Structure formats: structure tokens, C-alpha cells
Amino acid sequence: MVETKIIAYIGKGGTGKTILSALTGKIAIEKQKKVLFIDADPAMGLATALGVEGYKTIGTAREEIIKSAKKGISQKNDDIREITDYVLLESLYESAEFCMFVMGHTNTIGCYCPVNSLLRNTIKSVAGRFDLVIIDAEAGIEQINRQVVESVHYPILVTDNSLRGAKTTVLANETINSSPSMKPLKTGVIFNRVEKSNEDLQKYIEDKGIPCYGSIPADLNISMIDADGLSPLNIDKTTVAVEKLRTILEMNDIL
Amino acid sequence: MPDTADLQQKDYYELIRVVHEIAEENKFTVYHLGDTKICSDLGFGSFNKGNTCIVLEEDTAVELGSPQKESVSITMWTSHRGILSNRLWTCGSDFDRLIDKSVSYIQIIMLGFEDGSRAVESDIGRIKNLTNKLPGFMTRNMPGKTWIRIDKKRMQEGFSLYALGQCLHKAYLDAIPDIKSMEIILITDNDEFIKTLKPISEIAKIISGDNTKFKWVSDGVVTCDELNCDSCDEKATCDSIREMLKKRKII
Ligand SMILES: Nc1ncnc2c1ncn2[C@@H]1O[C@H](COP(=O)(O)OP(=O)(O)OP(=O)(O)O)[C@@H](O)[C@H]1O
Ligand SMILES: [Mg+2]
């Protein structure tokens, strides 16, 4: 059985969660790791970036499970579990390089806690087959915690050199720490798209007890990939952003 | 409350007769069920408890009845004597001869009971899931559909329709010793049979639904303690699921 590591990128909008998720996958795939991406952002940016199409979202799968539970008030719980196993595997995008779950619109109002826990359990058993699970999250960890996985080993907070970014980071960290089921092994911050992290902001973050992993500069190759709509998995592996990210992940025993 | 005992007694006898007619009119290879040696040679038995075995696409050698292909899966029982005689009927290319890695699939399981009330629908439906029972083999079931993946290692070590039939037979006998006789039909990659058997599967679903209706019991997998649901649009449905779980002492 493989020991699965779960990473989640969290941070203010537009700071680089999606690109860093993709690049982390690229680095891991090069190391022959089996990678499962989870696109937990309803905007489905990671799926788009990696050219993943024709998937069934977990949101849709969830609706189907609920529908079958509604229809068959006669359904045994074990039967609902079988249906969950089926539709979840159906939702798993599988390619030679990597696999992916796309959460999609998970309709946070209709919570269906029982179905959520069932799905979480099933996601966990699928995730257990991979070396690395990379979650591209929205700003909050709450939704990951509720709908994706109970715990994340390595929450990576992404920020830019803005005070708002730093504040979001600190808030996100507080949420992680106050969530009883979250048992991170290590949390840290990456400053993205900056030549050098702003010292005041870095101090502000470190004073709250969150280590700063380092910074990743603006990278022309990323902009080019962006402009041409290419998959970040095809980016030159010696480009500065990839090199920096690899160092950060290796230094912190994340990869 | 409707009379559940009565609902339970809906026998699939008529449907089984129709299936028999279809089978006898067509070219099938027929074997005898009861080869337990091949099951033990394959390592059949409970293993890997608690963690659902998943065969990923890249490890898959043979895929049957996936959501992209057609699948018909029927489980039926009867307490009429003498119509089932431990036969395994197979039709279509065997697993090592399939032209495509992923093909359509039909699986019909027919069980003979002395006493029909012993046949608890959803139990007999679930036993056909050989995940975690047969190494390198994964089943996913939806009502009326069975999706199977057989991994490369399993195929290298040898596997066939015959072997699958024997394992299914053993799974049923192990789980329900009351079974008196059994027949299994396995068909790969055949659109004609899909067309013929789909309607039968629909009828079987209705009978099965009637039979299960008031006979469900649950076992625990879910909890609900994390959210405040008072403002939720879907509260009514959620509550009814929860009520069911509570009744069954799950939450
Ligand atoms: N180091 C970098 N160098 C150059 N461009 C970058 C870098 N990091 C991110 N970008 C670009 O910035 C934009 C925003 O990045 P990205 O989409 O990864 O952020 P995000 O946090 O996922 O945003 P959202 O919250 O909208 O999902 C993208 O166009 C991305 O390619
Ligand atoms: Mg994004």
C-alpha cells in the first residue's frame, strides 16, 4: 500500500493556486509518482488548464446519489454505498499521466451531510491508490474539509506581496488550526509572482507562527503557456518557477 | 403497512423461463458450476478488508460493461423446483481473446431457493460484487448494470469466463448456504443480446423494487454532526435519509 501525501493550495484569488497545483503535479510525475489532482474550485480552473474534458463532476455524482436515495427510500444503506462507488469511479478522470476529480458546483446549500461523508470515504479509498493528491482549493479549507477530504497533510498558503494576501493567509491558517479533523503535518506560505517577498509581510506572517517556504518569481514561460492555452505540464522543467517550486517542496519534505 | 411477507414472495419464475428460452435458442457454451478448485487456485476469498480495491485504468487488462459501453446485469431467484441445474452459460469471446480492451457485458444470476422468503433482494444483489474477494478484480454495480475491471496481473496469471462463473457461484454459496441450485449466464461484446435482455432487466428491476420496498435495513457509514441544516433547501430530503439512518440505529 502506498503512503499517500495530500497537498492543498489555498489563498486569495488569482495568487497562483491553480498554476502551482499543476506545476507540483508536473514535478511529481517526473519523479514517477502517481498523481491524483482534485480541482476543488467551482470555476474548474485546474481541469481547464490541464485540458481535462468530458468528466462527470463530483457535484453531479452527488446529485445522482441523492436522487437514487430519494427514489429508493427502500434502498438499503449498503446499496447507496454501492451506487456511490460506481458513480465516483465514473467521475474519476484517468489518463496515462495523472488522474483527476473535478468537484464542480457542489451546491453548498443542500448539504446532505450523510452523502458528503459517504463521498469523502469513497474519495479517500480512491486517493489511497496514489502517491500524491494535489488539491486546488478555493480560499477556504472548510469546503475541502466538508466535501473532499477530512485532512490535508500539507496545506500550502499562496500569497502575493499584498497585505490582503497576507491577511487571507493568516485567516486560512487559523481556520485550518481550528478545524478539529484537520491534522496538517506542516503548513507554510509561498509568495508567488514576486522577485522577493516583502519583508514586513513576511514578518507579519511569521509572527503568527506560519513558516515562509520561499518565493517564486514571475516566470515568462508561465505567461507564454497562458497566452497559448497550453498545459502547464508541458512547461520546460528547467524554467525558474519550476526550479524554485521543486526546491521548496523538496526542502520541506513535501515531495 | 403493506404486507411485507407478501411482497417478498414475488418469484422471478416467469422471467427465468423466458431467459432459459433465449439461452436455449442460441449458441452458448455450457459448463457445470461447482469447480471450487479453480476458485482457490485464483486466491478467491475475503482479503484486503476495509479498503475497497480499485483497479485503475492503467492497470486494467479487461473492462466489461463500463459506463461507456452497455451493461445488463440481472439477479433473480425462484423457489420453483427443478428449473435451475447448476449450469454456467457463456457466449462471446473469452477475456484473452477480446478485440477491444473494453466491451459490453451481460451477467445474469439465477438462484434457486427452497423457501422464497430466504431471498433478501438487496443482499443477493450485492453478493455479485467480487471486489475484495478476488485479487485483481473489481466490480462496480448500479441497479441493472455491472461494470468490471480485471487487472493485468490477474489476466497474466490466467482468467476466463469459466473462472468468473465459478467464483460468482462460490460467492453465492458461501454467503447463502440455503441456495439449492444456481445458473449463471455471462456474455461479452454482443449488442444483439443487450437489446433482447435489456427489457428483461427492466422487469427484473421492478420486481426487485417491490420485493425490497419494505425490507430495508441499514448499516452504518455516515454521520451528520458538522453542519447547521436549518436554513437548507434540501432539509426535507436530508431529514428523511437521516430518519432512515436513525431508525436503523446508524446515527
Ligand atoms: N509565477 C508566475 N509567473 C507568471 N505568471 C503567473 C505566475 N503565477 C501565476 N501566474 C499567472 O497568474 C494568473 C493567476 O494564476 P492562477 O490562475 O494560478 O491563480 P489562482 O489562485 O488559481 O486564481 P483563482 O483564485 O482565480 O482560481 C494566471 O494567468 C497564471 O498563469
Ligand atoms: Mg484557480
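**Entry 1: a sheet in chain B**

I started with strand S2 of chain B, which is joined to strand S8 (residues 145–151) of chain B by 4 bridges, with the two running antiparallel. Before going on, I noted that this is a predicted model, where local features need pLDDT of at least 70, side-chain atom pairs count only at pLDDT 80 or more, and totals for chains, interfaces and linings use all residues. I also noted that residues are numbered from 1 along each chain as its sequence is written, that chains are lettered from A and ligands numbered from 1 in the order in which they are written, and that side-chain values use heavy atoms, with hydrogens and water left out.

For the words themselves: helices (H or I, at least four residues) and strands (E, at least two) are DSSP runs, numbered from the N terminus. Two strands pair if DSSP finds at least two bridges between them.

Across from Thr60(B) I found Asp151(B) in S8(B). S2(B) spans residues 60–64, and with S5(B) it pairs in the parallel sense over 2 bridges. Here Glu63(B) has Ser102(B) as its bridge partner, and Leu64(B) has Val103(B).

Which order do the strands of this open sheet take? I read S5-S2-S8-S7 in chain B, 4 strands with mixed pairing. The edges are strand S5 (102–103) and strand S7 (137–142) of chain B, each pairing on one side only.

I then checked burial, where buried means under 20% relative accessible area, exposed over 50% and partly exposed in between (1.4 Å probe, protein chains only). S2(B) is largely enclosed by the rest of the structure, because 4 of its 5 residues are buried.

**Entry 2: chain B as a whole**

I counted 8 helices and 9 strands in chain B. Of its 251 residues, 51% are buried. The accessible surface comes to about 11,700 Å², and carbon and sulfur atoms account for 48% of that; such areas come from the Shrake-Rupley method with a 1.4 Å probe, and for residues only the protein chains shown count as cover.

I also looked at contacts, meaning heavy atoms within 4.5 Å. Among those in chain B between residues at least 6 apart in sequence, 87% join residues at least 24 apart.

**Entry 3: Ser160(B)**

I found Ser160(B) in the loop between helix H5 (152–156) and helix H6 (161–175) of chain B. Buried or exposed? Ser160(B) is buried, because its relative accessible area is 18%. A polar atom of its side chain lies 3.1 Å from the backbone nitrogen of Ala163(B). Such a polar contact is a pair of N or O atoms within 3.5 Å; within protein, one must be able to donate a hydrogen and the other to accept it, and residues adjacent in sequence count only if both atoms are side-chain atoms. Leaving aside neighbours within four places in sequence, Ser160(B) touches Asp94(B) and Phe95(B).

**Entry 4: around ligand 1**

How many residues surround ligand 1? I noted 16, with Lys17(A), Thr18(A), Asn192(A), Asp219(A) and Asp226(A) the closest; a residue is near a molecule or strand if one of its heavy atoms lies within 4 Å of it. The shell divides into 4 nonpolar, 7 polar and 5 charged residues. Ala, Val, Leu, Ile, Met, Phe, Trp, Tyr, Cys and Pro count as nonpolar, Asp, Glu, Lys and Arg as charged, and the others, Gly among them, as polar.

An oxygen atom of ligand 1 is 3.2 Å from a polar backbone atom of Thr15(A). A polar side-chain atom of Lys17(A) is 2.8 Å from an oxygen atom of the ligand. A nitrogen atom of ligand 1 sits 3.1 Å from a polar backbone atom of Pro217(A). On its own, ligand 1 has 620 Å² of accessible area, and the protein covers 78% of this. Helix H1 (17–30) and helix H9 (220–228) of chain A are the elements that give two or more residues to the shell.

**Entry 5: single residues in chain A**

Asn173(A) belongs to helix H7 (residues 163–178) of chain A and counts as buried, because its relative accessibility is 8%. Not counting residues up to four places away in sequence, Asn173(A) touches Leu157(A), Thr187(A), Lys208(A) and Ile210(A).

Thr60(A) lies in helix H3 (residues 58–71) of chain A and is partly exposed at 35% relative accessibility. The side chain of Thr60(A) makes a polar contact of 2.8 Å with the side chain of Thr57(A).
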